[in-house]
Amino acid sequence: MGWEALAQWGEDVARLERLAGGVANDVWSVRVRGQLAVGRLGGRSDADLAWETELLVYLDGAGMTVPVPIPTVDGRLFADGLVVMTYLEGGPPETPADWRRVAGTLRELHRLTQGWPQRPGWKSSTDLLHADTGTKIDLGAMPPEGVARCRAAWARLSGRQPCVVHGDPNPGNVRMTADRVALIDWDEAHVDVPDLDLALPDNAAGLDDGAYDVAAQASAAWEAAVCWDDEYSVKRLAEVRAV
């Protein structure tokens with residue numbers, strides 16, 4: 001249907017300006033019933049969007065600052081591939097102290113979501129020790145030596161308690177103010193090992209040397225696999241140690 005789906009949020013709606021939103025989606029600022037919001041249109045399945053929107057509603061209710069889905073006129077959290085969410089003000093983290101606040105927010109996400117069901121169609125990093133595909137990942141497309149390196153990095157995560165990870169806590173996906181940290185763009189969120197979120201600048205999560213190495217290697221392997229084979233993924237794979 002495309003952006004015509006926005007009419008399901010009522011008559012007082014308008015698309016305003018395209019925003020940066022990754023490769024997979026068309027993201028715009030929108031006005032809904034006099035409120036500035038963000039609309040994201042993409043090709044995700046209804047099951048995938050249900051998982052993401054229900055997670056965001058839960059996290060908002062638990063006190064985290066996240067984009068909250070704005071329902072359609074008839075109460076749905078998404079319609080025809082379109083999600084409309086609250087707009088969040090703020091800037092990216094810039095100092096080590098900022099990143100420590102981000103780390104605290106990520107740890108709260110991990111605490112709140114232990115036992116959460118996996119995003120439909122996704123596999124965790126430790127699942128991929130034995131599976132070859134999961135959503136965006138196709139290990140069969142990577143060179144065998146690269147797969148072996150990625151799996152060696154992920155094997156070091158075995159035995160950890162899974163939870164929801166944001167999956168892409170880069171500066172562009174954080175909106176900070178003096179009194180709160182907001183995480184936006186939950187496209188890569190799934191159930192996995194928390195270490196994948198914690199290889200932060202300046203080791204802001206305060207991991208010891210061994211734990212930081214595990215997290216950094218596993219994160220580099222994940223990013224290499226999830227977007228293989230563009231220039232960035234090749235660079236990330238080069239950071240994963242040879243077996």
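Student: How do β8 and β9 pair?
Tutor: In this predicted model, β8 and β9 pair in the antiparallel sense over 4 bridges. They form a hairpin with 2 residues between them.
Student: Which residue stands opposite R180?
Tutor: T177 stands there, facing R180 in β9.
Student: Are the faces of β9 covered or open?
Tutor: Both faces are covered. R180 and A182 are buried on one side, and V181 and L183 are buried on the other.
Student: OK, on to the core. How many residues does the largest nonpolar core have?
Tutor: That core has 31 residues. L59, M64, V102, V164 and W186 have the most contacts inside it. The elements giving it two or more residues are α1 (46–61), β4 (82–86), α2 (96–112), β8 (174–177) and β9 (180–183).
Student: R119 is charged, I think. Which residue forms a salt bridge with R119?
Tutor: D48 does, and the closest N and O atoms are 2.9 Å apart. R119 is in the loop between α2 and β5 (133–134), while D48 is in helix α1. The two are 71 residues apart, so the pair links distant parts of the chain.
Student: Is R119 buried or exposed?
Tutor: Buried, because its relative accessibility is 0%. D48 also counts as buried, at 4%.
Student: What does D187 form a salt bridge with?
Tutor: With R44, where the closest N and O atoms are 3.7 Å apart. D187 is in the loop between β9 and β10 (190–192), and R44 is in the loop between β3 and α1. This pair spans 143 residues.
Student: And are those two buried or exposed?
Tutor: D187 is buried, at 5% relative accessibility. R44 is buried too, with a relative accessible area of 16%.
Student: Which residues are linked in a network of salt bridges?
Tutor: R40, R44, D48, E52, R119 and D187. The count of salt bridges in the model comes to 18.
Student: New topic. How do β1 and β2 pair?
Tutor: In the antiparallel sense, over 6 bridges. R18 has W28 in β2 as its bridge partner. The side chain of R18 also meets that of D26 in a salt bridge, at 3.0 Å from N to O.
Student: Does R18 count as buried or exposed?
Tutor: Exposed, because its relative accessibility is 52%. Strand β2 (residues 25–32) is mostly covered, with 7 of its 8 residues buried.
Student: What comes next to β2?
Tutor: β2 pairs with strand β3 (residues 35–42) in the antiparallel sense, over 8 bridges. N25 has G42 in β3 as its bridge partner. The two strands form a hairpin with 2 residues between them. In the turn, R33 has a positive phi of about 50°.
Student: Last one. Which residues make the nonpolar surface patch?
Tutor: L16, L36 and Y87 make a patch of about 250 Å². L16 sits in strand β1 (residues 13–19). L16 counts as partly exposed because its relative accessibility is 42%.

Technical notes: Residues numbered from 1 in each chain as written. Predicted model: local features only at pLDDT ≥ 70, side-chain atom pairs only at ≥ 80, totals over all residues. Heavy atoms only, no water. Patch = residues over 30% accessible without salt bridge, like charges linked within 9 Å, V, L, I, M, F, W, Y side chains within 5 Å. Areas by Shrake-Rupley, 256 points an atom, 1.4 Å probe, with all protein chains shown as cover. Salt bridge = Lys/Arg side-chain N within 4 Å of Asp/Glu carboxyl O. Buried < 20%, exposed > 50% of the residue type's maximum accessible area, 1.4 Å probe, protein only. Pairing = 2+ DSSP bridges. Core = buried A, V, L, I, M, F, W, Y, C linked by side-chain atoms within 4.5 Å.
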